[in-house]
Amino acid sequence: MLEDLPESRQYTAQALQIGLLTHDSRLVADAYYIQSLEAFYRKEFKTAQSYAQQALSGYREINYAYGIAQALDSLGRCEMYSGNFSAAIPNLTDALDLARKLGDVRTQYSTLRGLGELALFGQHIELQRARAYLQEALEYSRQFKDNFYQPYLE
C-alpha cells in the first residue's frame, strides 16, 4: 500500500506460495489481488488485469464479498487504463453496488473515483456524471481515517 514495490512483490510471491501449499484459498486470492495492485502501480495494466481476474475468481469461489468488490474495482480500473472502457463500466458499477451493500468505504471511494475518471476520459465525455461521481468520492475520502482498514479486519 505504500508502493514499496520490490519488497511488496517478494512478500506477495511468498504469500501466494504459502497459500497454494496450504490450500488457503483466501490467502491465494489476496495475493493475486495485491499482485494486481503492484502491476497496476508499475503501469502493467494487462498483467494487473490478469491478476485481478484470478483474485476475483478466487474470492467468488469462497464467496468473500469484500474481496469480490475489491477485485471488481481493480479489474475495472485495469480495463479502463487499458482502453477497454466498455468492459470497465460493468465491473466498476458492480464493485460500487457491492461495496455500498457492505459499507466498504475504501472500495466505494475507489470505484467512484474510477467511474468519475471514466466519465471524463472514456469513450463519451460526460461532465455532469463525472462531477457527481467525483463529488461523492470526495465525501467518502473524508471517511477514510476511520474505515480504511475495515474490510481487512473481517
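Seven aromatic pairs are present in the structure, where rings of Phe, Tyr and Trp (its six-membered ring) pair if their centres lie within 6.5 Å, with planes under 30 degrees apart counted as stacked, over 60 as edge-to-face and the rest as tilted. The structure is a predicted model, in which local features need pLDDT of at least 70 and side-chain atom pairs count only at pLDDT 80 or more, while totals for chains, interfaces and linings use all residues. Residues are numbered from 1 along each chain as its sequence is written, and side-chain values use heavy atoms, with hydrogens and water left out.

The pair of Phe 45 and Tyr 81 is tilted, because the ring centres lie 5.3 Å apart and the planes meet at 35°. Phe 45 belongs to helix H3 (residues 45-62) and Tyr 81 to helix H4 (residues 65-81), so the pair ties together parts that are 36 residues apart in sequence. Phe 45 is buried, at a relative accessible area of 18%, whereas Tyr 81 is partly exposed, at 39%; buried means under 20% relative accessible area, exposed over 50%, and partly exposed in between (1.4 Å probe, protein chains only). A tilted aromatic pair is also formed by Tyr 64 and Tyr 66, with 6.3 Å centre to centre and 50° between the planes. Tyr 64 counts as buried at 14% relative accessibility, as does Tyr 66 at 12%. One aromatic cluster is made up of Phe 40, Tyr 41, Phe 45 and Tyr 81.

The chain contains nine helices and zero strands, these being DSSP runs numbered from the N terminus (helices H or I, at least four residues; strands E, at least two). Of its 154 residues, 44% count as buried. Among contacts (heavy atoms within 4.5 Å) with a separation of 6 or more, 54% are between residues 24 or more positions apart.

The second largest pocket has a volume of about 210 Å³. A pocket is an open set of points on a 1 Å grid over the protein atoms alone, where a 1.4 Å probe fits, with protein on both sides within 12 Å along at least five of seven lines; lining residues have an atom within 4 Å of a point. Of the 13 residues lining the second largest pocket, Ile 89, Leu 118, Ala 119, Glu 126 and Arg 129 are the closest to its centre. Helices H5 (85-102), H6 (105-121) and H7 (127-141) each give two or more residues to this lining, and H5 supplies the largest share, four residues.

Note on methods
Grid points are joined across faces, edges and corners, and a volume is the space filled by probe spheres set on the points.
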